[in-house]
Amino acid sequence: IYLPLNTLPKHGKITDRSDNAVPLDPTNPEHMKVQLDAPEAAEITLVRHAETDANVKDLWIGVTDPSLNEKGKSEAQKLAENPKSRKYDLIITSPLKRARETADILSNELGLTVIEEERLREQNFGILEGLTWKEFEKKYPEIAKGNDNRYLTDLPQGESVKELEKR
């Protein structure tokens with residue numbers, strides 16, 4: 001959303017230079033600058049789940065649901081004990097075990113509420129789930145040619161990138 005440079009959003013309305021309420025028009029060149037009069041912004045920190053045995057084996061585990069291994073539990077505990085971790089108010093996590101277990105370790109140490117959010121779950125990698133990239137290339141060479149290990153287009157039995165983005 002773009003707001004005119006000389007307007008201030010106050011009490012949910014946008015005003016022009018003469019303090020009249022005006023509709024936002026994204027096609028108007030005057031509306032290409034932003035000036036916000038807002039309270040302090042929230043800070044969001046993203047934390048990836050701690051280690052699982054599947055991560056050690058380099059397996060693709062989108063919706064596959066392994067628990068943390070002992071090293072992963074230790075990693076999460078170390079993060080919770082880090083003084084920088086003391087600034088948070090809330091934890092929002094995927095419902096997958098590896099993410100929930102990481103969040104629970106942080107929550108127990110920091111005394112924070114944990115909220116599960118289904119939309120944060122990992123992409124379903126379909127036929128790639130539980131395989132290494134090399135196993136995938138060997139088992140499904142034609143499909144592997146149309147992908148690479150950094151970006152995956154639609155995979156059979158999986159969730160498309162568009163579906164993931166929509167979620």
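Author: A residue is called buried under 20% relative accessible area, exposed over 50%, and partly exposed in between, using a 1.4 Å probe and protein chains only. This is a predicted model, in which local features need pLDDT of at least 70, side-chain atom pairs count only at pLDDT 80 or more, and totals for chains, interfaces and linings use all residues. Numbering runs from 1 along each chain as its sequence is written, and side-chain values rest on heavy atoms, leaving out hydrogens and water.

Reader: Is Lys 145 buried or exposed?

Author: Lys 145 counts as exposed, at 63% relative accessibility. Glu 142 is exposed as well, at 59%.

Reader: Which side chain meets Lys 145 in a salt bridge?

Author: The partner is Glu 142, at 3.3 Å from N to O. A salt bridge here is a side-chain nitrogen of Lys or Arg within 4 Å of a carboxyl oxygen of Asp or Glu. Lys 145 and Glu 142 are 3 residues apart in helix H5 (residues 141–145), so about one helical turn separates them. Helices (H or I, at least four residues) and strands (E, at least two) are DSSP runs, numbered from the N terminus.

Reader: How many salt bridges does a search of the whole structure find?

Author: The search finds 8. One of them joins Arg 100 to Asp 104, with the closest N and O atoms 2.8 Å apart. Both residues lie in helix H3, 4 residues apart. Arg 100 is partly exposed at 24%, and Asp 104 is partly exposed at 27%. Arg 100, Asp 104 and Glu 116 are linked in a network of salt bridges.

Reader: Which residues of H3 are buried?

Author: They are Arg 98, Ala 99, Thr 102, Ala 103, Ile 105, Leu 106, Ser 107 and Leu 110. These residues pack against H2, strand E1 (90–93) and E2. After H3 comes Gly 111, which has a positive phi near 70°.

Reader: New topic. Which residues make up the largest nonpolar core?

Author: The 9 residues are Trp 60, Phe 125, Ile 127, Leu 128, Leu 131, Trp 133, Phe 136, Ala 144 and Leu 155. A second, separate core of 7 residues includes Ala 80, Ile 91, Leu 106 and Leu 110. A nonpolar core is a set of buried Ala, Val, Leu, Ile, Met, Phe, Trp, Tyr and Cys residues joined through side-chain atoms within 4.5 Å.

Reader: How many aromatic pairs does the search find?

Author: The whole structure has 4 aromatic pairs. Trp 60 and Phe 125 form an edge-to-face pair, 5.0 Å centre to centre with 85° between the planes. Trp 60 sits in the loop between helix H1 (53–56) and helix H2 (70–81), and Phe 125 in the loop between strand E2 (113–116) and helix H4 (133–139), so the pair ties together parts 65 residues apart in sequence. Rings of Phe, Tyr and Trp (its six-membered ring) pair if their centres lie within 6.5 Å; planes under 30 degrees apart are stacked, over 60 edge-to-face, and the rest tilted.

Reader: Are Trp 60 and Phe 125 buried or exposed?

Author: Trp 60 counts as buried at 18%, and Phe 125 is buried at 8%.

Reader: Finally, what pLDDT does the protein chain average?

Author: The chain averages 78, and 71% of the residues score at least 70. pLDDT, the predictor's confidence in each residue, runs from 0 to 100. It stays under 50 over residues 1–22 and over residues 31–38. Where pLDDT is low, the predicted coordinates should not be read in detail.

Notes
Contact means heavy atoms within 4.5 Å.
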